[in-house]
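Visitor: Hi! Could you walk me through this one?
Guide: Happy to, let's have a look together.
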Amino acid sequence: MQMTTPDGMSRRHFMRHLAASAATLPAMNFISHVQANAAELKKKQKACILMWMSGGPPTIDIWDLKPGSKNGGEFKPIDTKGDLQISEHMPKTAAVMDNLSVVRAMSTREADHGRGRYYMHTGYVPNPTVVHPAFGSVVSYELGTKRKDLEIPSFVSIGGGGTSPGFMGAAHAPFLVDNSGNIRNADMGELGPGRLEQRLNMLGVVEDNFIGSQRGESGQAHKDIYKKAVNLMTSKQMAAFKVSEEKKETLDMYTGAPAQGGAMMGAGGQFGRSLLMARRLVEAGVPFVEVDFGGWDLHANVFETLKNQRLPALDAGIAALTTDLKQRGMLDDVVLVWMGEFARTPRINQDVGRDHWAASWSTMIGGGGLKGGVAVGETDKDGVSVASGQSYQPGDIWATASHALGIPLDTVHTSKRGRPMKLANGGTAIKELIG
Amino acid sequence: MAAAGLAVVTTGAASAADTAFTTGSSDVIIQEINKQIRDAYKDNEVEPSPVADDSEWMRRVCLDINGHIPSVEDVEAFLADKDKAKRTKLIDRLLDDPAYTRNWTTVWTNLCIGQQTPRRVSRDGMQKFFREAFGKNRPWKDVVSDLVTAEGHYEQNGAVNFLLAQMQDQDDGVQMTAKTTRLFLGMQVQCTQCHNHPFNDWKQDQFWQFNSFFRQTGKVDHRKYNPKTGRMDDDYSEIIERDFAGPVYFEKRSGLMQVAYPIYFGSEVDPAGSTDRRKELARLMSAGEKPMIAMAMVNRTWSHFFGQGFTRPVDDIGPHNPATHPDLLDRLAVEFVKSGYDCKQLMRWIANCEAYNLTSRSTKKNERDNPAAGETALFTHVYVKSMTAEQLYDSLIVATNAHKSGRSGWEQSEKQRQDWLQQFVRTFGTDDGEESNSFDGTIPQALMMMNGDLVKDAVSVKSGSHLGDLLSGKGNDVQKIQRLYLTALGRMPTKSELSKSQSFLKGNRDQLAVYQDLFWALLNSNEFIFNH
C-alpha cells in the first residue's frame, strides 16, 4: 500500500488513525490524501451534503417497507445496525445504519416535479411574490461568508440543474459542476500565468478608473467578483474537484464497481463519483454540497429498475460516504440529507410502476452529531398515510440540519422587498434526532 | 482629472444653460418633462450633474434603444459631427434601425415568458409576435389586447405564448392573473390571492375578480406519433376557449368560501357563458383617459432608460406606493394615450429629455440622490445599469466585428447566440420583478467572460478579426491604443490610461500579446459590462 505522510503530522499519529480505519474496512485507504494540519482543522468545520434523488424515489421500497401489504411489492426488509429495518437491496447501508436515521412521517403537499423540487429545497411552496433560496444558499450565506480562507464557492451542486439563490443573491447561487470535476472556462488554455498577470494589471487600470468615477458601488462589486474568479482559477483548493486524485479502490468503494463487474460505471457510477467529490469539497471547507442522482421517476417497472440499477449504486454510495467520513473523524460535523421532490404511490400501477405521492413518505438524515439508527414517525400498514400523528415538512428537516450546523433556528432573513423570512420556514428541529 | 475639468466647465455654464439644454428637438412634451424634473431638483435642494459628453451619451442611448454598443465607425462619425441637433437625429436613426425591433423583441419576450423558455411554449412564436409589434410600431393597446385575448396554435399566433407561459401548473389561472396585472397594469395583486393586501386597497376578492376573466382559458398540448421510437413526442400547444360561466370560488383566511364575479375596477361584465371574458377584459384595460396599461408602459419604459421607474418596484403602481414624480407620470400616460399608444414616440420623449442626457457621475450637490441605497430617485444623474445578457453578447459581437467577418449564416449565428445566452443565464436565477443596478454577476459568468470562446475569439488576431485588422492597419501605437478604447468603451483613453498602455508595450517584447491583453482587459472591465 503506497502512502504519503502528510506534512506536519507525526507518522505515529497518522498510523494510529489508519489502524482505526483498517480495522473496520481493510480494503479502503481513505486518508492517504490528507495534505496538512490545516486540513485537519477544516475537517472540524460544519457542512451538509444533500443527496438529491430527482424524479421522486419510492421510499416504500427503500426505507419503509410494508411486508404483508398489497402495496408491499417484491422487496423484503432486513435488520440493520440501527433500530430500524430497511430494504434487502441496501445491505451495505444497513451495516452503517447506526449513523443514519429515517424520518418516515413526511407528509408534503406538492406532487408535481417542479413544485416539489422547490418545496423540498427551500421549505416554502412556490409563491409568485418572492423566490426563496434553496437551503444550500442559506448555508452559503450563513457559514460560507464566514470562511475567509475558502477560495472556492461555498455552495457546490454536482451533476444537477441548479436551484435559485432567491433573495440571497447571485453570490450564493450554487456553483454547478459535473462529476468529471472539470470547471468550465477555469483555465486560460495555452497561455501561461504571466499573461494572466499582464491582463489583470491592465484590467486594474480601467477598473480603478471607473470605480473612482462617482458612479456608485457596482464598479467595485464587479472587481470583487473578478477577484473571486481569479482566486478560483489559481487556488490550490481547486484540487478538491479532482476525484481522479483518489485511489481506484476508494472510487470503487463509492461506486460499488467491483461487485458489479464494472457495470455501475453508467448512471450509478456517477453517483458514487459525485459523492466522493462532495467529501473532498467538504474537506476543503465547502459548507454545502448537493449531489444529484436522478432516474427515480419510476412510473413503470419499478422493482427491476431498483434492484438492478438504482439501489446498488445508492447503497454503495451512502455506505461508502458514511464510512469514509467516520474514519476521517468528520461524520459528527457533516450532516447527510437524502430526499427527492416527493415519493411514489404505495399502490402499484398496471405497469408495475408507482406514481407521484407526497402524502406519506420518508427522508433520510444523519451525521452532524444527530442521533443515528432511529426511525422517526411511521406510516400505516399499507403506507398510505402517516400513522404517528405528527407529520413532517421539509422545513423540519432543514431545521434539524440547521441545529446540527450551528445555525440558530430563530434566524430571520429579509427578502428584497423587505419581507421577513424565517429560517427553514419556521420548521422545528426533530426532537428524536437532536441531543 | 478629466472629470474635474468637465465639471468645472459645465457648472460655469449652468446658470445660462438652466433652461437651455436641448438635443435639438423642440417638442413641448420634452420641455414639460425637463420642467417637472427640474422643479423636483429645487424642491429637494439638489443640482443636476453636468451633461454627459458625446461618448458617454452615445454608448448609453445605443444600448438602451438598440441593445448594443455603437460600432467604432459610428462613434467616430458622431464625435466628429458638428451638427447641434445631432443627438435628436441619432435618436431618430436608432429608432429606425432594425436593431430597435430586435432589442425590444428581446426585452418583451423575456418579460412575457422569461429568459428560459418554459415547457410547451414557443420562444420563436413569441418573438415573431413582438417582431411584428415593434417592427410596425403597433399601438401598445393593440399589442396588449392581442396578448390577453390570444387563442390558437403557438407558432401561428405567437401571442398565445404569453398565456401559455403562465399555464405551467394547474392553478386555476392564478399565475395568469398575477402576471397580467403586474406586467400590463403595473399592479401587484399576487399577494391578495391569499389575503387582503396589508399596505394597499387591493382586496382578496379583487384578485379573484380579475382571475375570473381568465377562467375560460384552456390549453391543449398536442402530441404526435414518432415512428422511429414508437413513442408519442411533444407537438404544438394551443390556447382554446373553454366553457365557463358564473362566479369563481375562493377561500378566505378564516376558511369561509366566497364567490367572485368578473369585475374590473368596479366595472362588471355579464358572467354568463356567452360572454367572451378576455375580450371584455382587453376592452376595459384600455378604457378611459389614463388607463393603467398606459401608466404601466410609461413607467416601465422610463425605467428601461433611467434604471429607475417613477415607482419601485416598477410594476407596483398605486396609492400605497406614491410615485416620485406623480404629475409627470400622469402627464406622460395621458400623452402616450393621445399619441395612439405610440411606443417610439414615448421613447423619443424620454431619450431627448435633459435628465437622460446628463452624465452618470454624481456630484457633491446630488450624491444623496442614490436609489441603490433606498433613496427616492430624483434623476439628477443617470443611474448605472447592468447590461443584460443579450446586450452583453450583442455588444461583444459589435466590438469584435464578428458580425461582419461573416463566419456563419443567420440561423447558425442565432443558435450560437442562444447557446451563449443559456450558458450565461443558467445560474442567474433572479426574481423576474427585481430591479437591480448592481453587478449581479456570478463566478461562472466572470469565467465565461475571461476565458470563454467568445472573448478568446475576440482577442485572436486571425485575419478578418477586428484586432487583426487593426493591428495590421496603419497608425502608430498611440492611434492603435485609442482605437481599441473607442471600439470597446466608445471613448478615447485618458492621458494616464494611454501612458500606462504605452509602458506595457515598452516593457514587453511580444507586442502582439500586449495588444491582445489590452483588448481583453477592456472587454472584461466594469466600464464595458455596465451601461452608464
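Visitor: Is helix 13 of chain B mostly covered or mostly open?
Guide: Helix 13 of chain B is mostly covered, with twelve of its 15 residues buried. Buried takes 20 or more other C-beta atoms within 10 Å of a residue's own, exposed 12 or fewer, and partly exposed lies in between, with C-beta atoms placed from the backbone. Helices are DSSP runs (H or I, at least four residues), numbered from the N terminus. This is a predicted model, where local features need pLDDT of at least 70, side-chain atom pairs count only at pLDDT 80 or more, and totals for chains, interfaces and linings use all residues. Residues are numbered from 1 along each chain as its sequence is written, while chains are lettered from A and ligands numbered from 1 in the order in which they are written.

Visitor: Which residues are buried there?
Guide: Among them are B:Met292, B:Trp302 and B:Phe306.

Visitor: And what covers them?
Guide: The cover includes helix 8 (140-149) and helix 14 (326-338) of chain B. Contact here means C-beta atoms, placed from the backbone, within 7 Å.

Visitor: What comes just after helix 13?
Guide: B:Gly307, with a positive phi of about 80°. Further on, in the loop between helix 13 and helix 14 of chain B, sits B:Pro313, joined to B:Arg312 by a cis peptide bond with omega about -5°.

Visitor: Switching topic: what is the phi of B:Arg120?
Guide: Positive, about 60°, although B:Arg120 is not a glycine. Most residues other than glycine have a negative phi. B:Arg120 counts as partly exposed because it has 18 C-beta neighbours inside 10 Å.

Definitions and conventions:
Helices (H or I, at least four residues) and strands (E, at least two) are DSSP runs, numbered from the N terminus. Two residues are in contact if their C-beta atoms, placed from the backbone, lie within 7 Å.
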